[in-house]
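Visitor: I am new to this structure and would like to learn how to read its features one at a time. Could you take me through them slowly?

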Amino acid sequence: MKQLVFLICALLISCEKKEVSLTKTDLAPKEIAISSSLLMTSSSLNFSSSSIHISSSNLSSTIDSSGICIACNSFPPSAPTLHQNGGSGSVTSYGSIIEQETSQGGACNYGETNIQYYAAVHVHQNSGDNLGPWNNGLACGACVSVKVKTPTGWKKTIVRITDKCPDEYCGIDLGGAPTLDLMGKEVGRYEGEWEFVPCKGIKNVYGDSTSIYTKEGTNSFWSVIQVRNPPDALKSITLVNRNDSTLYNLELAIEAENYWKMPTEVLQSEDTFSLTVTYRSGEPDTWILTGNQLAQEQETYYLQNKNR
């Protein structure tokens with residue numbers, strides 16, 4: 001009897017061991033399968049995360065291209081970037097949005113004008129390098145299309161350059177009227193872009209018709225002249241004596257920015273001259289004047305038979 005009980009117990013233990021062994025063997029592949037499944041799931045999750053990241057990037061790009069921004073008047077100061085025909089960076093204001101006064105001529109030495117849509121342009125790209133578009137005053141009279149990012153998207157206007165901005169992080173510094181158009185009452189430093197464009201046909205950037213002006217102190221021995229309300233920035237001024245075809249190429253004056261130096265022999269002549277101004281864009285303009293007319297102090301000679 002004891003032997004029978006022992007035999008039964010032995011058989012039970014053997015079966016139990018086999019069952020456990022089988023269970024373990026059977027379970028191992030399941031564990032591997034589960035781990036593999038989890039790995040695939042993790043991979044899938046990583047892929048989904050990547051997809052979400054890409055979508056977020058695309059969304060950010062869309063917002064950027066639309067010109068929408070938050071805290072728009074707190075753009076961080078940075079050096080302006082030069083483009084082929086303009087630039088990008090900070091757009092600020094130095095005019096009153098309440099008074100919206102007209103330009104007083106600024107560094108372009110135009111004196112008091114009737115121009116409401118005006119601005120200053122940066123002298124430097126980086127501090128002290130003189131690589132900005134001011135270019136010793138050759139930017140004077142140019143028109144610039146300016147746009148800034150706002151909470152509702154890009155806003156745009158056109159201004160005439162009448163001043164320079166020597167500040168380290170300056171880009172375009174707006175007068176009062178264009179500031180109100182772009183910034184409203186939230187005046188500050190905005191992120192923007194600008195492009196030089198012709199002024200012709202844009203009423204807000206003209207204070208008067210295009211003219212030649214002779215500076216105070218002009219006489220028959222010394223004279224400098226400037227072009228006021230031009231259709232674009234100047235490239236050159238030439239004089240041709242209509243009697244003997246003598247040609248004079250005027251140079252920028254060192255006495256004052258945005259003025260051109262007159263030859264003394266012209267000032268003392270009664271001969272008639274063709275004074276031709278070439279602009280950055282468009283057709284040149286020509287005045288017919290005697291030499292001694294350009295020796296008269298603070299005279300204004302309007303361009304004949306052309307309307308701006």
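Guide: Let us begin with a term that we shall need: a residue is called buried when its relative accessible area is under 20%, and exposed when that area is over 50%. Please keep in mind throughout that this is a predicted model.

Visitor: Are C165 and C170 buried or exposed?

Guide: Both C165 and C170 are buried, and the two form a disulfide in which the sulfur atoms are 2.1 Å apart. The torsion about their S-S bond is about 120°, so this disulfide is right-handed.

Visitor: How many disulfides does a search of the whole structure find?

Guide: The search finds 4 disulfides, and when the bonded cysteines are counted along the chain, their pattern is 1-2, 3-4, 5-8, 6-7. One of them is formed by C69 and C72, with sulfur atoms 2.0 Å apart, where C69 is buried at a relative accessible area of 19% and C72 is buried at 7%.

Visitor: Which parts does the pair of C143 and C199 tie together?

Guide: C143 lies in strand β4 and C199 in the loop between β7 and β8, so their pair ties together parts that are 56 residues apart in sequence. The S to S distance of this disulfide is 2.1 Å, and with 115° about the S-S bond the link is right-handed.

Visitor: How should I read a pair of aromatic rings?

Guide: In general, such a pair is described by the distance of the ring centres and the angle of the planes. Here the count comes to 2 aromatic pairs. In one of them, the rings of Y94 and Y118 have centres 6.1 Å apart and planes at 85°, so the pair is edge-to-face. Y94 belongs to the loop between β2 and β3, whereas Y118 belongs to strand β3, so the pair ties together parts 24 residues apart in sequence. Y94 is partly exposed, with a relative accessible area of 35%, while Y118 is buried, at 4%.

Visitor: And what should I look for in a sheet?

Guide: The strands of a sheet pair through backbone hydrogen bonds, either parallel or antiparallel. In this model, 4 strands form an open sheet in the order β11-β10-β14-β15, and the pairing is antiparallel. Its edge strands are β11 and β15, each of which pairs on one side only, and neighbouring strands are turned by 20° against each other on average, direction ignored. Within the sheet, β10 and β14 pair over 7 bridges, and N241 stands opposite F273 in β14.

Conventions:
Residues are numbered from 1 along each chain as its sequence is written. This is a predicted model: local features need pLDDT of at least 70, side-chain atom pairs count only at pLDDT 80 or more; totals for chains, interfaces and linings use all residues. Side-chain values use heavy atoms; hydrogens and water are left out. Rings of Phe, Tyr and Trp (its six-membered ring) pair if their centres lie within 6.5 Å; planes under 30 degrees apart count as stacked, over 60 as edge-to-face and the rest as tilted. Helices (H or I, at least four residues) and strands (E, at least two) are DSSP runs, numbered from the N terminus. Buried means under 20% relative accessible area, exposed over 50%, partly exposed in between (1.4 Å probe, protein chains only). Two strands pair if DSSP finds at least two bridges between them. Axes are lines fitted to C-alpha atoms, for helices over the stretch in contact, and angles run from 0 to 180 degrees between N-to-C directions. A disulfide is a pair of cysteine sulfur atoms within 2.5 Å.
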